[in-house]
Amino acid sequence: MTTAHHGALQLKVERIEAVTPEINRYTLTASDGSWLPPFSGGSHVTVLIDTETGTRRNAYSLMSSPYDASQYQIAVRRVEDGKGGSVAMHGRVHEGDVVPVTIPANLFPLSKHARHHVFIAGGVGVTPIFAQLEELSMKNGSFEVHLAVRGPEHATLGRELRERYGDRVSVYGDEDATRLDIAAVLADRPLGTHVYVCGPARMIDDVIDQAHRQGWTDANIHFERFEDAGSTGEPFTVTLAKSGATIEVSPDQSLLEAVEESGFKLPYLCRGGACGECETEVLELDGTLDHRDDWLSERDRASNAIIMPCVSRASCTRLVINA
Amino acid sequence: MLITGIKSRPVYDRLAPMASGLRHLAIAQGSGGQPMLRLLADMTPAQRGVATVVYSSESFTGNSYEAELRAVDGIDLRLCASNVEALQVLDDLLSTAKMGTRLYLAGSEGFIGTAMQRATEYGLDRDEILREHAGSFVRRVWCAHCNAYTENVTQRIFRCPGCGLDLVVRDHYSSRLAAFQGVKADGEVPGELPEIEELDT
């Protein structure tokens with residue numbers, strides 16, 4: 001099995017396919033031809049992307065089969081007004097290139113106790129479901145998929161799933177222009193049903209809200225936000241207590257990105273405010289923290305003593321973190 | 001040999017209406033009728049209107065709250081003569097229940113544990129269930145040798161009705177089996193039994 005150096009695997013871009021006008025699928029293999037570390041359905045990797053303005057670290061769900069250790073597949077949607085990572089993946093990365101990729105981590109795993117799995121996705125949010133369904137169908141799990149797309153030209157991945165799994169997959173917004181009705185999808189489900197949602201923030205919030213209205217508890221609601229949780233905002237300055245370094249966080253970068261750009265390291269995993277890995281102690285604060293994560297509790301937020309540098313910011317004259 | 005201070009024993013709740021639920025399923029046995037009556041009194045009329053109550057009058061201590069439960073207006077009450085029957089009714093109700101259902105359990109440890117096994121099979125999560133212990137702490141014991149279950153065990157040493165071995169009841173509660181483990185009491189030296197004592201029932 002291929003091993004990681006400095007936390008990253010060196011993977012060769014074996015194949016690039018355009019699957020929609022905005023989405024490319026990348027097939028990655030170990031550059032030394034050996035096996036890749038195993039993963040479970042719902043896992044993601046972080047790709048270290050070389051851009052004109054430095055290295056971007058973008059998280060992408062693995063969509064290949066968890067039972068195939070010879071390759072990883074990811075789908076990358078080009079975001080023109082983003083931070084340049086996806087644009088570089090589309091424009092600068094070619095077949096045959098070697099890219100650094102972290103080993104897989106799973107923040108969106110299947111529930112092992114569910115009696116029925118309902119997947120709801122929007123657009124490129126369908127990618128983790130590919131791997132989850134491979135895992136479920138091997139285990140004969142009961143499932144159904146509801147995928148919303150913006151038109152027939154964006155429906156390729158949904159059609160692939162329909163070919164594999166038939167009527168268990170519903171694609172909305174393809175040629176028949178049907179609409180996904182989240183409340184109806186969640187209504188009158190048997191006990192032990194779990195819902196998984198991956199897509200735009202509004203879709204995730206709608207699913208959580210509808211599920212709560214119908215009496216679901218959080219243990220049965222699983223979600224993964226693929227959008228940049230918003231690490232843009234007003235600039236601020238942070239001081240790292242251990243080195244004394246003072247770092248400017250510009251409007252278009254996160255606290256974590258600014259620290260990394262200055263040559264320091266913070267622990268991280270999801271870079272989306274979900275996993276808790278980058279939780280950092282706030283030692284001094286003159287101002288207010290702008291918490292944007294899904295990790296901290298209300299009490300943690302109010303304490304002003306912890307921050308998640310991957311997404312959260314501050315509006316302050318002084319901020320010292322224990323790093 | 002025996003563990004003291006039983007960490008594996010479930011920490012029980014106090015039954016109270018779970019406001020996020022759309023339907024309420026409550027099952028009690030014996031002394032569990034008392035917390036059940038309190039739960040029903042704490043519910044709004046609307047919650048009672050979507051509540052199904054299953055009550056078994058089988059009881060180790062002889063307490064029955066059947067008459068009091070009959071007197072509660074506006075609930076769907078199912079009365080059962082035995083715990084086995086009540087658990088079968090629970091199973092039938094769970095098989096058609098929908099997401100948004102909340103489950104309330106009250107009674108002996110063995111009864112709650114067995115009901116929990118059914119609930120887990122149907123995929124109910126801990127945050128959809130409240131359980132309140134009532135009555136004595138008599139133990140349900142699983143024999144490690146013949147797989148038999150014995151209800152209402154009160155002594156540290158007892159003879160397994162399944163295989164006839166003298167068992168010592170260990171202080172480990174298995175949530176999966178909903179029982180304490182019983183193992184051969186004179187396994188080290190045949191005929192040499194540990195002291196016979198009353199369990200902390």
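Residues are numbered from 1 along each chain as its sequence is written, while chains are lettered from A and ligands numbered from 1 in the order in which they are written. Because the model is predicted, local features need pLDDT of at least 70 and side-chain atom pairs count only at pLDDT 80 or more, whereas totals for chains, interfaces and linings use all residues.

Chain A is divided into domain 1 (8–106), domain 2 (116–225) and domain 3 (236–321), with bounds that come from an automatic or database domain assignment. The C-alpha centres of domain 1 and domain 3 of chain A lie 27 Å apart. Six residues from domain 1 of chain A and six residues from domain 3 of chain A make up the contact between them; two residues are in contact if their C-beta atoms, placed from the backbone, lie within 7 Å. On the domain 1 side, strand S4 (residues 54–61) of chain A gives the most, with three residues. Helices (H or I, at least four residues) and strands (E, at least two) are DSSP runs, numbered from the N terminus. By class, the side of domain 1 of chain A that touches domain 3 of chain A has two nonpolar, two polar and two charged residues. In this scheme Ala, Val, Leu, Ile, Met, Phe, Trp, Tyr, Cys and Pro count as nonpolar, Asp, Glu, Lys and Arg as charged, and the others, Gly among them, as polar.

The same strand S4(A) also has a partner in strand S3(A): eight bridges join S3(A) to S4(A), and the two run antiparallel. Two strands pair if DSSP finds at least two bridges between them. A hairpin through two residues joins S3(A) to S4(A), and His44(A) has Ser61(A) in S4(A) as its bridge partner. Strand S3 (residues 43–51) of chain A also pairs in the antiparallel sense with strand S7 (residues 105–106) of chain A, over two bridges. Here, Ser43(A) is partnered by Asn106(A) in S7(A).

Chain A also holds an open sheet of five strands in the order S10-S9-S8-S11-S12, with parallel pairing. Its edge strands are S10 (169–172) and S12 (221–225) of chain A, each of which pairs on one side only. The twist averages 10° from one strand to the next; axes are lines fitted to C-alpha atoms, for helices over the stretch in contact, and angles run from 0 to 180 degrees between N-to-C directions. Strand S9 (residues 143–148) of chain A pairs with S10(A) in the parallel sense over four bridges, and Ala148(A) stands opposite Tyr172(A) in S10(A).

Turning to chain B, the domain assignment gives domain 1 (23–133) and domain 2 (139–184). Their centres, taken over C-alpha atoms, are separated by 26 Å. Seven residues of domain 1 of chain B are in contact with five residues of domain 2 of chain B, and the domain 1 side divides into two nonpolar, four polar and one charged.

Five strands of chain B form an open sheet in the order S3-S2-S1-S4-S5, with parallel pairing. Strand S3 (76–80) and strand S5 (129–133) of chain B are the edge strands, each pairing on one side only. Within this sheet, strand S1 (residues 23–29) and strand S4 (residues 101–107) of chain B pair in the parallel sense over six bridges, with Arg23(B) opposite Thr101(B) in S4(B). Helix H1 (residues 33–42) of chain B lies across S1, strand S2 (51–56), S4 and S5 of chain B, running at about 155° to S1(B). Helix H4 (residues 83–96) of chain B packs on the sheet as well, touching S1, S2 and S3 of chain B, and its direction makes about 160° with that of S2(B).

Helix H4(B) also meets helix H5 (residues 109–121) of chain B: their axes come within 10 Å and cross at roughly 25°. H4(B) is therefore roughly parallel to H5(B), a label for angles under 35 degrees, with those over 145 counted as roughly antiparallel, 65 to 115 as roughly perpendicular and the rest as oblique. Among the residues in this contact are Leu87(B) and Leu90(B) of H4(B), and Phe111(B) and Ala115(B) of H5(B). By class, the contact has six nonpolar, two polar and two charged residues.

Finally, the two chains touch each other, with 15 residues of chain B in contact with 15 residues of chain A. The chain B side has six nonpolar, five polar and four charged residues.
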